[in-house]
Amino acid sequence: MSTISSYSQKVVIAGAGPVGLALACTLKSQNKYSDITVYDKRPDPYLEFDANKHRTHGLRISRDAISFFNKILKKEIKHNPNINVSGAKDLQKQFSGWKGRFVRTHQIQSALSEKAKKLGVKVLYNCGISAQDLESLKNHDLESLNQVQKDLKEAQVIIGCDGSHSPVRDTLLKEKLSDVKMMQHLLELKFNTHVNVRQRSSKTASIHNAECEEVDFESIGQAGEDGLKPGTLHLVIDEATFNALRPKKTSIKTGDSETESIKKGDSAHPWNLAELKLAAQTDRRIEKVYKTLMHYVASLHKRRGDCINERISTLPLEIYRAENVCNVVNGKVVAICGDASSGLIYERGFNKGIKEAGLCALAVSDFFKSQADLTQKLSTLPQSFKRYNQQSKDLFVSERRWITFKITLIKIYKTFLYYIGTPYAMFRRNILNKLRTKLFKILPPAC
Ligand SMILES: Cc1cc2nc3c(=O)[nH]c(=O)nc-3n(C[C@H](O)[C@H](O)[C@H](O)COP(=O)(O)OP(=O)(O)OC[C@H]3O[C@@H](n4cnc5c(N)ncnc54)[C@H](O)[C@@H]3O)c2cc1C
């Protein structure tokens, strides 16, 4: 049986990631009479937390992104007659609470999922939208369609917030990726640590960097359900070290004598410290990385922290964007947002995604306001989406500029470490400390 929606403003969002949910909440609070359904292939992060299925990595949420997002909501509260004021204010409050903080992805998702449901958004988990479902838009036989396909068919707007491998982008928009560029290589150490450990100070970080002649970034998140805090250390590495840590095939011993060949060094096949120690015996580059990590673990111990369940992997930091982020397909608007539209690095992915979600929600609201008959099939892209297309492009360009600037700063810092920081750290350690011990020996104990 086909269930035809009584709503005229119907939106289907593919993906209940942080951006998809932020968009759904914004859209529903801006258009209280709209019908919004979000589909996600993963289970509900609120009801059934599973560390293997959910993303536990933390996201640093920048102040500029939250201010940008809240400004859009504030303007809508003032001027949009269809707004759900209390819902929009509640959303503003939630986002303001994350300003400048480091929050686990699944915590953002569960909080937003709850908010979305309260606002009246249908969030359906364990329910992916396949390429076949998307292709079915061309199918005219309503009886042969499943519920997802019917929802897609009835929607005026379909938005893909389905991540970097977006099926909506590939199947419906058929957009190729442009501006693809490898920016840098990172090593990532993920671990859990004791609940009392705080983020290290910038002074401790610079001493650590000087001693190791490396640039690293530490993030310690909020304690999770397991009572531990998630920690991440990112280490900037060169391409040769990246390749050494990501051998195509590695033999590992399983059981008594069996050996098995697997890829190593990506997030699905991480190293642990013991494996890295073994590999360090035969590779100079891995040895340097291992020493740096052990130095960091020692600094954690000094803060009464530990490094539990460590996973060490490599990350190629590539950026990309889709040439166009919206179009008319089969008479309806199809748009993409978040990682589906463009991928960024250095803690800008989600931050760009929140800004984009605000802009996309505005485009949809303006479209609903300007379109007299929503049952009509569209032939050209509405003005508000043309604007969204340009805004998304501009956002990518400004974020890329910021990332390039950040990378230049890292290079300058690394050169500083090489010529000044590390030699000074060695001098302090070897000469000043020896002098100090000698002085203490000479001076009487009262001094
Ligand atoms: C280790 C790491 C650290 C990061 N740190 C930061 C940081 O500090 N700050 C920052 O701003 N960014 C950071 N990022 C980037 C950030 O995680 C992403 O930019 C952000 O998650 C993008 O959100 P999204 O909702 O667009 O996509 P995703 O988070 O990828 O969500 C996509 C959702 O779509 C669902 N989905 C996919 N296909 C389908 C389908 N066919 N049908 C239905 N559902 C589907 C998936 O299940 C998923 O829930 C980090 C990324 C990583 C990997």
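**Close-up views of the predicted model**

**View 1. Where β12 meets β15.** Strand β12 (residues 308-322) and β15 run antiparallel and are held together by 2 bridges. Across from Arg321 you'll find Ser342 in β15. Strands here are DSSP E runs of at least two residues, helices are H or I runs of at least four, and both are numbered from the N terminus. Strands pair if DSSP finds at least two bridges between them. Residue numbers start from 1 along each chain as its sequence is written. Keep in mind that this is a predicted model: local features need pLDDT of at least 70, side-chain atom pairs count only at pLDDT 80 or more, and totals for chains, interfaces and linings use all residues.

**View 2. The sheet around that pair.** Here 5 strands make an open, antiparallel sheet, in the order β8-β9-β7-β12-β15. β8 (216-220) and β15 (342-343) are the edge strands with a single partner each, so one side of each has no neighbour in the sheet.

**View 3. Around the ligand.** The ligand is surrounded by 28 residues, and the closest are Gly15, Gly17, Gly163, Gly338 and Gly349. A residue counts as near if its C-beta atom, placed from the backbone, lies within 6 Å. At least two shell residues come from each of α1 (18-30), β3 (58-60) and α12 (349-370), and α12 gives the largest share, 4 residues.

**View 4. What the ligand shell is made of.** The shell splits into 10 nonpolar, 10 polar and 8 charged residues. Nonpolar means Ala, Val, Leu, Ile, Met, Phe, Trp, Tyr, Cys and Pro; charged means Asp, Glu, Lys and Arg; the others, Gly among them, go down as polar.
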